[in-house]
Amino acid sequence: MPYAHITGWGISVPEPVLTNDDIAKMVDTNDEWIRERTGIRERHIAREDQFPSTLGVEACIKALQVANLAPTEIDLIICTSSSPEYIWPATASLIQDQIGATKAGAFDIQAACTGFIFATNMAAQAIRSGSIKNALVVGTETLSRFVNWKDRGTCILFGDGAGAFVLQASDKPGGILSAVMHSDGSGADSLILPAGAARYPATEATVHEGKHFVQMDGKAVFRFATRVMGQATREALELAGLSTADVDRIIPHQANFRIIETAAKYLKMPMDKFVVNVDRYGNTSTASIPIATVEALQKGLVKNGDKVVLVGFGAGLSWGALVAEWTGPIPSKKHVYPEQYRLFARLRSFIRRALRYIEGLFSRREL
Ligand code: ACO
């Protein structure tokens, strides 16, 4: 059975920064309250011309550059987003087209902020089954579009960004060692974006009632999160035959500094084992774990051979963790330039659209 290794990683974060002081000009809050209760100082907000696919494409290209893999070699793209571009088509399909991943199947997974854990596990399973060799997993968000900027209870929390991993098959032991996935739909109301889908299709009333915005019972989510983060970490470690003493680094979903602190106490692990960057990004939902991972790699906090736990929680309710032995890119003599495929992808997409148009003109009416 092949092993599934994480061989590439990349992020894309929009430039505009919104500080706590900026938010204090919009709602009745202040920098001190936000920092004390959440640990957040600032977050990045996408420009009007940036969408989940825009950020996702950039993160994927960077991940492919690290893996030294051409988009045409990717078999599967799994995108996960709490703020997808459309209900359908899948954001993964838009990314597939724009990066030129000509042979990849592409679909979205919806598990809110836990999505990146679930998606990475699904890609690893597909690789281990032998059915595919190379996969791209991407979490991408422009959640700022679904935040009620008049609600001080939620607007302080979220930020935009994207992160991607390349997963590849290898006979060398390592890579994803174990994973656990959990859900509890009885908590669906605790964290919900109610309107715009089948239950509450968009109407004047849904807009008026603010049903197209994130709604959250902050205290209930806080209690749930502090309970499950430690539990899921322990479960995944047990499955991998490891204990907390074997762990070099924990990369948790970045929602609230206090939640991470409580999980550290539960696990009896020092805070310096935890990667924390919620102060500069806020909660970027599905993108938070890969963004924190890439920053940790850049700072040398994660090295080849390290045992790393990724752990997340979110709406659903859903939660999960996975354990990986970090191995890095697979050595190769070839050198590919994934970014150059974008031009080819644009041309290919244009020709396909043109052909579809011409086909429409010439097809018989009764067809
Ligand atoms: N600024 C100032 N005061 C505020 C603010 C604010 N931004 N927000 C709330 N308050 C006030 C409240 O009105 C309340 O005042 P009152 O006592 O006079 O009624 C007081 O502060 C306490 O409010 P709480 O909501 O009880 O504050 P709490 O300490 O629970 O912190 C928070 C709120 C930060 C949202 C916290 O509950 C939390 O982090 N929860 C988890 C949220 C989370 O992680 N969500 C993402 C999940 S992942 C996903 O899937 C998207």
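The shell around the ligand is made up of 13 nonpolar, nine polar and three charged residues; Ala, Val, Leu, Ile, Met, Phe, Trp, Tyr, Cys and Pro count as nonpolar, Asp, Glu, Lys and Arg as charged, and the others, Gly among them, as polar. This is a predicted model, in which local features need pLDDT of at least 70 and side-chain atom pairs count only at pLDDT 80 or more, while totals for chains, interfaces and linings use all residues. Residues are numbered from 1 along each chain as its sequence is written.

The ligand is surrounded by 25 residues, the closest being Thr-29, Cys-113, Gly-218, Ala-255 and Gly-314 (C-beta atom, placed from the backbone, within 6 Å). Helices H2 (31–38) and H7 (218–239) each give the shell at least two residues, and the largest share, five residues, is from H7.

In helix H4 (residues 91–99), eight of nine residues are buried (20 or more other C-beta atoms within 10 Å of the residue's own). Gly-100, which follows H4, has a positive phi near 80 degrees. The elements below are among those covering the buried residues of H4.

| Element | Residues |
|---|---|
| Helix H3 | 52–67 |
| Strand E4 | 76–80 |
| Strand E5 | 105–109 |
| Strand E6 | 134–141 |
| Helix H11 | 341–362 |

The chain has eleven helices and 13 strands (DSSP runs: helices H or I of at least four residues, strands E of at least two). Of its 367 residues, 49% are buried. Along the principal axes, the C-alpha atoms fill a box of roughly 65 × 55 × 35 Å.

Methods: Buried ≥ 20, exposed ≤ 12 C-beta atoms within 10 Å, placed from the backbone. Contact = placed C-beta atoms within 7 Å.
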